[in-house]
Amino acid sequence: MKNNNSTPWWLWACRIFVGLLFIFSGLVKINDPLGFSYKLEEYFEVLHITFFVPYALSIAIILCSLEMILGFALLIGVRSVRVAWGLLLLIIFFAFLTFYSAYFKVVQTCGCFGDAIPLTPWQSFSKDLFLLLLIIVLFKNRKRILPVVTAKTGDRLLLVATIVSVGLGLYTYNFLPVIDFLAYNVGANIPDEMKTPPGAKPDEYELTYTLKNKKTHATKVMNNTEYMSSKIWKDNDWSVVGNPDSRLVKKGFAPKIQDLNISDAQGTNYTKELFSNPYLNLVIVAYDLRNTDADALGRLNAIAINLQNDYHARTVMLTSNSAQSAEAFSKLHHLAFEIFYGDEVPLKTIVRANPGILLLKNGTVIAKWHYHSMPTYDELVKEYFRK
């Protein structure tokens with residue numbers, strides 16, 4: 001153990017706070033690396049660097065792992081100079097992204113804490129600025145950050161932290177998030193998550209009018225409250241120029257699920273019917289059939305046929321592909337389940353797999369699986385259908 005008596009308390013406070021926050025931030029994002037990669041893809045598109053899109057998942061796992069590794073290294077004081085540089089560069093990178101999102105209003109949820117703690121871009125940027133100040137303090141005092149273990153032990157611990165961080169990202173990518181923060185988590189009732197309760201307050205907006213006097217050509221700007229209270233609208237000398245600007249003043253109630261619409265090949269909406277089935281039923285989500293796992297769909301097809309024959313259970317597949325390509329895919333692979341269509345974004349949110357599987361009853365998610373961990377027919381029957 002090293003003697004840390006020369007380390008001032010305020011440096012320890014910064015060190016502990018920043019270290020724990022980076023570990024927490026990395027953990028909640030690496031819990032859902034695929035979701036974070038979707039967010040990175042949005043950034044790549046608005047920044048016109050789409051050549052990074054194919055590598056979004058790898059970049060997501062690396063960034064999340066870096067956050068956890070740097071945070072852990074800061075806590076134990078290993079390689080303090082390099083860690084301080086890494087923290088500074090990483091927070092500058094994140095601050096740039098959040099500022100760009102906030103100022104240009106392009107990516108309206110930054111994904112800083114994944115889906116666990118949604119933040120607006122300005123909230124995220126404020127958080128990053130605060131962290132930047134703390135990291136600058138650490139950076140200026142980087143040589144005073146003393147290790148709590150020997151250099152050899154510290155390097156071994158850092159290696160373990162790296163393996164755990166990257167391993168966790170690979171695990172959650174291949175077997176779904178350990179903790180599901182999305183609206184379609186096990187136990188959630190999908191129809192209820194789409195409802196707005198009676199009496200819920202809607203969003204409140206402020207309108208700003210630009211008016212011009214027909215005689216003097218003078219102009220004035222006023223909000224909707226001033227506009228109505230002044231009764232200027234009764235004065236024929238004043239007229240509104242253009243359309244009023246609208247600004248959100250207070251966010252009202254918003255259901256967790258707002259954008260889910262499922263239809264058949266003819267465009268008939270089946271959302272309510274599919275998610276109000278009173279019997280156990282399987283929903284397979286293959287949002288992109290061009291990149292789905294065909295072997296997994298083949299195994300699911302056999303399960304669907306057996307469930308239909310033995311328990312009259314309905315199995316449907318949801319995809320964002322065109323009806324023509326989906327039907328061609330179904331014919332090629334001899335799929336027995338019905339096919340319905342939805343937008344790619346909500347389908348990606350339902351389950352982080354392609355394909356992913358949900359077991360539903362009355363719209364409630366009973367279970368969900370990645371195709372890597374989907375049960376066999378016998379396991380499914382024993383656990384759910386024979387009860």
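Author: Helices (H or I, at least four residues) and strands (E, at least two) are DSSP runs, numbered from the N terminus.

Please keep in mind that this is a predicted model: local features need pLDDT of at least 70, side-chain atom pairs count only at pLDDT 80 or more, and totals for chains, interfaces and linings use all residues. Residues are numbered from 1 along each chain as its sequence is written, and side-chain values use heavy atoms, with hydrogens and water left out.

Strand 5 (residues 281-285) and strand 6 (residues 315-319) run parallel and are joined by four bridges. As an example to look up, Leu282 has Thr315 in strand 6 as its bridge partner.

In the loop between helix 10 and strand 6 you will find His312, whose phi is near 55°, a positive value in a residue other than glycine. His312 counts as exposed, at 65% relative accessibility; buried means under 20% relative accessible area, exposed over 50%, and partly exposed in between (1.4 Å probe, protein chains only). His334 sits in the loop between helix 11 and strand 7. Its phi is near 55° and positive too, and His334 is exposed, with a relative accessible area of 63%. In the loop between helix 12 (344-350) and strand 8 lies Pro355, and the peptide bond from Asn354 to Pro355 is cis, with omega near 10°. For background, most residues other than glycine have a negative phi, and most peptide bonds are trans.

Salt bridges also connect this region with other parts of the chain. A salt bridge is a side-chain nitrogen of Lys or Arg within 4 Å of a carboxyl oxygen of Asp or Glu, and the structure holds 14 of them. One of these is between Asp32 and Arg352 (2.9 Å, N to O). Asp32 is in the loop between helix 1 (9-30) and helix 2 (33-46), while Arg352 is in the loop between helix 12 and strand 8, so the pair ties together parts 320 residues apart in sequence. Asp32 counts as buried, at 10% relative accessibility, and Arg352 is buried, with a relative accessible area of 8%.

Another salt bridge joins Lys368 to Asp180, with the closest N and O atoms 2.9 Å apart. This pair links distant parts of the chain, with Lys368 in strand 9 and Asp180 in the loop between helix 6 (151-175) and helix 7 (190-193), 188 residues apart. Lys368 is buried, at a relative accessible area of 13%, whereas Asp180 is partly exposed, at 23%. Finally, salt bridges with shared partners join Glu273, Arg314 and Glu338 into one network.

Notes
Two strands pair if DSSP finds at least two bridges between them.
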